[in-house]
Amino acid sequence: MRLIGLDLETTSKEPGARPVEIAAVEVTPGACLTLLDEHCDPGMPIPAQSTAIHGFEDADRFTAHGLQDAIEMLIAVLPPPEAGGFALVIHNAPYDCGVLTWAAAHCGVTLPDWPVICSLEVARKYRGPRGGNGLDRLCEEAGLERPGGGHRAYGDAWAAVEVFRRFPVDPVAALARPFSAWAAEWDGAYTRDFPEGFEALPDLVDLGGGLTFDYRDAKGNESSRTITPHGWAMRGGVLHFHGFCHKAQDARAFRADRVVAVLGSTL
């Protein structure tokens with residue numbers, strides 16, 4: 001079976017994050033064929049917190065492919081699901097599949113339902129579920145040096161396949177599940193249906209604006225917050241949004257149903 005590693009680097013780790021880099025590599029014993037290795041403009045400012053992880057700065061997006069173009073390029077280089085005889089290998093498939101599905105819906109693109117194997121799920125099966133199954137740890141233990149380094153899409157896509165190959169899986173095909181099934185596990189659907197007061201949220205994300213609101217947390221504590229929004233998604237029928245919170249001086253996630261009042265926005 002052909003194994004194609006897939007990985008994204010993104011604007012955040014929350015539902016509603018967007019890709020800033022996409023890579024797909026076909027890995028065979030002793031060889032690696034690059035199918036795609038592209039930066040992409042997520043259509044919003046790249047947060048400094050994510051830059052610290054993968055190194056892509058906001059200025060980099062202006063010389064990159066648009067998000068829709070990058071997604072369509074990925075579709076073009078991967079085999080169609082009906083071709084059979086292959087699987088995408090993704091470390092933490094719910095996250096990458098969920099992010100890519102959100103981004104495709106945002107761009108009006110329909111993704112094929114490729115067969116996907118999650119190398120993280122396999123690692124947890126053979127090593128136990130309690131930690132130590134991240135790609136950094138697995139590569140270190142296996143003596144794998146990722147081309148381009150860690151937290152870059154190309155190296156992590158390659159490593160997902162190399163790590164997976166080290167587990168005694170047979171038959172390989174039995175582990176594959178549809179792309180859409182993994183995305184559903186992420187629980188972060190795209191929407192343009194916003195409750196009152198949040199209609200400006202997409203523009204605030206795209207343009208790097210600010211949103212000020214009164215918030216009641218899960219313990220009933222109320223506070224006023226001003227954030228630079230970085231994304232949104234529907235989770236369990238409720239709008240969730242996230243961004244850089246100026247009160248906490250860190251990234252935070254919020255639920256729209258716990259917002260007491262939206263006080264204003266700035267662009």
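In this predicted model, helix α3 (residues 93–107) packs against helix α7 (residues 179–186) at an angle of about 95°, and their axes are 7 Å apart. Angles of 65 to 115 degrees count as roughly perpendicular, and α3 and α7 are therefore roughly perpendicular to each other. On the α3 side, the contact is made by A93, P94, Y95, C97, G98, V99, L100 and T101. Helix α7 contributes F179, W182, A183, E185 and W186. By class, the residues of this contact divide into 10 nonpolar, 2 polar and 1 charged.

Strand β8 (residues 210–216) pairs with strand β12 and with strand β9, as set out below.

| Strand pair | Sense | Bridges | Residues standing opposite |
|---|---|---|---|
| β8 (residues 210–216) and β12 (residues 259–266) | antiparallel | 6 bridges | Y215 and V259 |
| β8 (residues 210–216) and β9 (residues 222–235) | antiparallel | 6 bridges | T212 and T226 |

Strands β8 and β9 form a hairpin with 5 residues between the strands. In this hairpin, G220 takes a positive phi near 90°.

A further site is the loop between α1 (48–54) and β4 (65–66), where A64 lies. The relative accessibility of A64 is 22%, so the residue counts as partly exposed; the cut-off for buried is under 20%. Leaving aside residues up to four places away in sequence, A64 touches H39, C40 and D41. One of these, C40, is 24 residues from A64 along the chain, and the C-alpha atoms of C40 and A64 are separated by 4.9 Å.

Methods. Residues numbered from 1 in each chain as written. Predicted model: local features only at pLDDT ≥ 70, side-chain atom pairs only at ≥ 80, totals over all residues. Heavy atoms only, no water. Pairing = 2+ DSSP bridges. Helix = DSSP H or I, 4+ residues; strand = E, 2+ residues; numbered from the N terminus. Axes fitted to C-alpha atoms, helices over the stretch in contact; angles between N-to-C directions. Parallel < 35°, antiparallel > 145°, perpendicular 65-115°, else oblique. Contact = heavy atoms within 4.5 Å. Nonpolar A, V, L, I, M, F, W, Y, C, P; charged D, E, K, R; others polar. Buried < 20%, exposed > 50% of the residue type's maximum accessible area, 1.4 Å probe, protein only.
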